[in-house]
Amino acid sequence: MDFSLTPEQERLRKEFDDFFKEEMKNAPPGWGGSLEDMYSADEGWEFHRYMARKLAEKGWLVRAWPKEYGGQDASIMEQVIFGEVSAYHKSPGVDVFGIGLLGPTLLAVGSEEHKKEYLPPIARGETMWCQLWSEPNAGSDLAALATRAVREGDYYVVNGQKTWSSGAHRGDWGFAIVRTDPEQKRSRGLSFLLLDMKAPGVTVRPLLGMDKTHLFNEVYFDNVRVPVKNRVGEEGKGWDVTKAMMNFERTNVGMIFTVKRGLEDLIEFCKETKRNGEPLAKNPLIRNKLAQIAVEVEVGIALAYRIAWIQEKGGPAAMVEAGALAAASKVYGTELNQRFSYVGHQILGPYGQVKKESKWAPLQGTIESGFQQVQGMCIAMGTSEVQRNTIAWLGLGLPRSWDEVFKRPMAK
Amino acid sequence: MNLDFTEEQEMLRTSARDFLSTECPKTAVRELEESEEGYSKEMWKKMADLGWMGLVLPEEYGGTGGEFMDLIILLEEMGRNILPSPFFSTVVLCSLPILEYGTEEQKKEFLPKIANGEMIMSLALAEPSAIYNASGIKVKASLQGDEYVINGTKLFAHDAHIADYLLVVTRTTEGANPQEGITLLLVDAKSPGVTSSVVPTAALDKQCEVIFEDVKVPRKNMLGAPNQGWGIVKRLLEQATVAKCAEMLGGGQAALEMSNSYAKERVQYGRLIGDFQTIQNYLANMWIDMETSRNITYEAVWMVGEKLPCTEEVSIAKAWVSEAFKFITERGVQIHGAIGMTRDHDMGLYYRRAWAWDVLFGDADFHKEVVAQQLGL
């Protein structure tokens, strides 16, 4: 085994680091780097678009994509390094929906026309996407979705409601999974559509978070006409596209580096801040709590590298292993963010509740916003429970407890 | 980066697993736990014949010149099977420091005998204060002519009762800095004045009290330089700590597999208990703990093997893995229900070791304090 990076990888890390250090000087005041910061206020969104353009100029925005679509064919390991540095500096710019999800999906299962039409503007940092999947009665159980699309000539006419769509109020385009054949049950009879968010009949309504930030939305479709050519995959086979999209494994290294940075800031705070005449950093209980988070950060990074290594090797067996490991890294990364927020709040005491606009807010109010926003991380993109079910299934070979067919005869 | 084992390492794992499961079934583990000596001489001989004791020793000293990671694989399998033996004491705790810090004469004297299974050794480090810092070293050795004379009591020295030689960490001078004035001595266990007796412990793992009363040791048996021994102890503890993490990986994996199998065969309410999401969640959490432990251990092992500065990484691994191993075995007992608590059930073998190994070479809190210092706190 050899855990060292190549000189080229070390050089890249330095190059990313220099870039982000410089560009992050342009962040709006109070910028914390969360999705809420990016989507909620106009200056946050403007900064996201600015960083997207800057990254595109560097040729870094879609590094993992093939060269012919504006990428650099970057290896997974290089992308891990990019993700680390970008998260450490709290940078926005990389649209998780367009770049992380739709792009790889179109590259894998999209038509030539789709690739030519949709990928270049994403690669230039011009179009931003959102995801139109969940519905009021289809959350973790996505296949229960009911939004209808009825074929009328060259169009689908879409009616229904999506929800929990992050950044739908900002997105230019959305990708939706809808029911085209109501005779078919669950995952059958669904189709995958690309949809202009400015199309007549699309209404976006905010769902404010408990800290009043605007990340989530409800999206209503009232006779929205979507050209048939905007369908990805065959009619009725939308679930295959959805599954392909869910399978683009992530190492979730970014969420670990978010904590790494947060911890560094908190450690500085504890060194500088005195309570009862002594720096917080000298309190044994606080030292223990901070060290525990540091341990968990390094453990999370080691896990991310293992996943990247397995993904890079590829092959079907590796992908099953990586599937369970990616589920583990999602649970681990989000719950680590949770534990960090709790520790931060414990250490800050009454100051942990003060919002960033107050002069009394330590650490730019990141702990105050953090402990409210972190809950969403454990729910979005597959809840912690769904991830643990996936581990039980793929990692441990246990029955899929969520299956319809689980109503099976008694064992023995 | 290359995070795969070599083909040879995979073969070593397979052959070690086969050997241990054949030669050391759990019935034998329980018998050896109950025995006075705590290991089987025949098995020890066979292990030596397989080349295990000399796995990482150079050929000139009777070994096969493997790398540290090879040893780690072997230890993982020993932890997986639970092998009661003085292997860890002899090979990890004593042969490695002799190899790295011994004089040519010492290497020639000790290493070939260790490699062929003739010599058993024990490290006498901890004392009744039970701390793994230099300030915990109080056992005195004073130079009188050409001999050191040792007085004091060592505690928790694994396998000292069967050892031929002891590696004893002594205090030779007192000063403001506790890390100075420590000297390591290779002591013939049969020397007059040495009394080793087994302390009864939860894991029945033959941890000894060793009393030194005017024990005379020739000066040539000093390992490393006089008063500069803490550097050796630090290195030795880094190796030992990650090696113990590897044993915990093996033990944790076994406990997880045992629990997963049980969940797939035990029927309650007319269905497998593994159908229930509560049990699945326990197992998923155990699986996460296992996978996270694996990667952080191998990274620390790699750093130790490469002799990179790794104080923080080693402590991170120990702080994480010992908690994980305790959690996995505790859930393991819970999943098995009452049967898991019995002397006849294998889960208890792992559960007891999780608690023993947690406190060995510093528990999670000890190592978190090391991490805190490394963070500049």
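**Figure 1. A:Ala392 in helix α12 of chain A.** A:Ala392 sits in helix α12 of chain A, which covers residues 384-395. The model is predicted. A:Ala392 counts as buried because 27 C-beta neighbours lie inside 10 Å, and the cut-off for that class is 20 or more. A:Val158 is 234 residues from A:Ala392 along the chain. The C-alpha atoms of A:Val158 and A:Ala392 are separated by 37 Å.

**Figure 2. A:Gly44 in helix α3 of chain A.** Helix α3 of chain A spans residues 42-58 and holds A:Gly44. Is A:Gly44 buried or exposed? A:Gly44 is buried, because 23 other C-beta atoms lie within 10 Å and the class needs 20 or more. Which residues does A:Gly44 touch, not counting those up to four places away in sequence? They are A:Pro28, A:Asp37, A:Met38 and A:Tyr39. A:Gly349 lies 305 residues from A:Gly44 in sequence. In space, A:Gly349 and A:Gly44 are 28 Å apart, C-alpha to C-alpha.

**Figure 3. Domain 2 and domain 3 of chain A.** The domain assignment of chain A gives domain 1 (7-94), domain 2 (130-236) and domain 3 (249-401). This view takes up domain 2 and domain 3 of chain A. Their C-alpha centres lie 31 Å apart. Four residues of domain 2 of chain A are in contact with six residues of domain 3 of chain A. On the domain 2 side of this contact, one residue is nonpolar, two are polar and one is charged.

**Figure 4. Chain A as the setting for the close-ups.** The secondary structure of chain A comes to 12 helices and 10 strands. Along the principal axes, the C-alpha atoms of chain A fill a box of roughly 75 × 60 × 45 Å. How does the radius of gyration of chain A, 22 Å, fit what a compact globule would have, and what is the reference value? For 412 residues, a compact globule would have a radius of gyration near 22 Å, so the value for chain A agrees. Of the 412 residues of chain A, 48% count as buried. Contacts in chain A with a separation of 6 or more were also sorted by sequence distance. Of these, 69% are between residues 24 or more positions apart.

Definitions and conventions: Residues are numbered from 1 along each chain as its sequence is written. Chains are lettered from A and ligands numbered from 1 in the order in which they are written. This is a predicted model: local features need pLDDT of at least 70, side-chain atom pairs count only at pLDDT 80 or more; totals for chains, interfaces and linings use all residues. Domain bounds come from an automatic or database domain assignment. Two residues are in contact if their C-beta atoms, placed from the backbone, lie within 7 Å. Ala, Val, Leu, Ile, Met, Phe, Trp, Tyr, Cys and Pro count as nonpolar, Asp, Glu, Lys and Arg as charged, and the others, Gly among them, as polar. Helices (H or I, at least four residues) and strands (E, at least two) are DSSP runs, numbered from the N terminus. A residue is buried if 20 or more other C-beta atoms lie within 10 Å of its own, exposed if 12 or fewer, and partly exposed in between; C-beta atoms are placed from the backbone. The radius of gyration is taken over C-alpha atoms; the globule rule is 2.2 Å times the number of residues to the power 0.38.
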